[in-house]
Amino acid sequence: MKVVLGLLALLGAVVAAPWEDDDKIIGGYECKPHSQPWQVYFTTSGSRWCGGSLISEYWIISAAHCYKPAEMLVAHLGEHDTAYAEGTEQRLQVAKVISHPNYNKGNNDNDFMLVKLSTRAKFNKYVQPIKMATSCPTAGSRCLVSGWGNVLTSGVGYPVLLQCLAVPVLTRSTCTNAYPGRITKNMFCAGYMDGGKDSCKVRPPSPLQSISHLVLLDMRDYTVYS
């Protein structure tokens, strides 16, 4: 079985995680172009790195495990097809990076990071902030994952088009039974217990939305076979 392990990201909290191995969105589909105008990815030394979600003109929420010094990060906004210039992109230098003070590398608790842009993002129909959730989604509700993660279960195949995937939120008991001793109070699970569709170690870290509100960022799965 496979499920997505996520970290809750509320307003005032900071979000989320690569682990070892590939970053994946399995069984997803191409998002409607520019339907996720808060989606961000970072490059470092010209190479695609992690990502996050735009939450204001100057701020992006991302993953503490993705930390790089600010001068090494450039934020890419307004993207859909990364293979060519669409005329919608904004590429902005990062000015400051703030990891959650209680980030735990061992279990990835509080794997959140705030990223400040050196220049304010220009809002338009291609670039918009996402609203922040103020509570956890309930079990059974459906959320949306998006990102440019690996789409192959074996091997590497990174898409150039932004991918989306709808996943259901699982009960707390299902989550803790699947990952005994691994789930902190800041985490919950979403995904399919029978596999086939999944968000696995997504890079760039991707937003998980519930009714267009940011719930969590950078879903990763522990893959459990039974």
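Author: With -75° about the S-S bond, the link of C50 and C66 is left-handed. This is a predicted model, in which local features need pLDDT of at least 70 and side-chain atom pairs count only at pLDDT 80 or more, while totals for chains, interfaces and linings use all residues. Residues are numbered from 1 along each chain as its sequence is written, and side-chain values use heavy atoms, with hydrogens and water left out.

Reader: Which parts does the pair C50 and C66 tie together, and how many residues apart in sequence are they?

Author: C50 belongs to strand β5, and C66 to the loop between β6 (59-62) and β7. Strands (E, at least two residues) are DSSP runs, numbered from the N terminus. The pair therefore ties together parts whose separation in sequence is 16 residues.

Reader: How many disulfides does a search of the whole structure find?

Author: A disulfide is a covalent bond between the sulfur atoms of two cysteines. Here the term is applied to a pair of cysteine sulfur atoms within 2.5 Å. C50 and C66 form one, with S to S 2.1 Å, and C31 is joined to C164 with S to S 2.0 Å. The search of the whole structure finds two.

Reader: C164 lies in strand β12. What is the bridge partner of V145 in β12?

Author: Strand β12 (residues 163-168) runs antiparallel to β11, and six bridges join the two. Strands pair if DSSP finds at least two bridges between them. Five of the six residues of β11 (residues 142-147) are buried, so this strand is largely enclosed by the rest of the structure. In β12, the partner of V145 is L165.

Reader: Which residues have the most contacts inside the largest nonpolar core?

Author: A nonpolar core is a set of buried Ala, Val, Leu, Ile, Met, Phe, Trp, Tyr and Cys residues joined through side-chain atoms within 4.5 Å. The largest has 24 residues, and β4 (39-44) and β5 (47-54) are among the elements that give two or more residues to this core. Those with the most contacts inside the core are F42, L54 and I60.

Key:
Buried means under 20% relative accessible area, exposed over 50%, partly exposed in between (1.4 Å probe, protein chains only). Helices (H or I, at least four residues) and strands (E, at least two) are DSSP runs, numbered from the N terminus.
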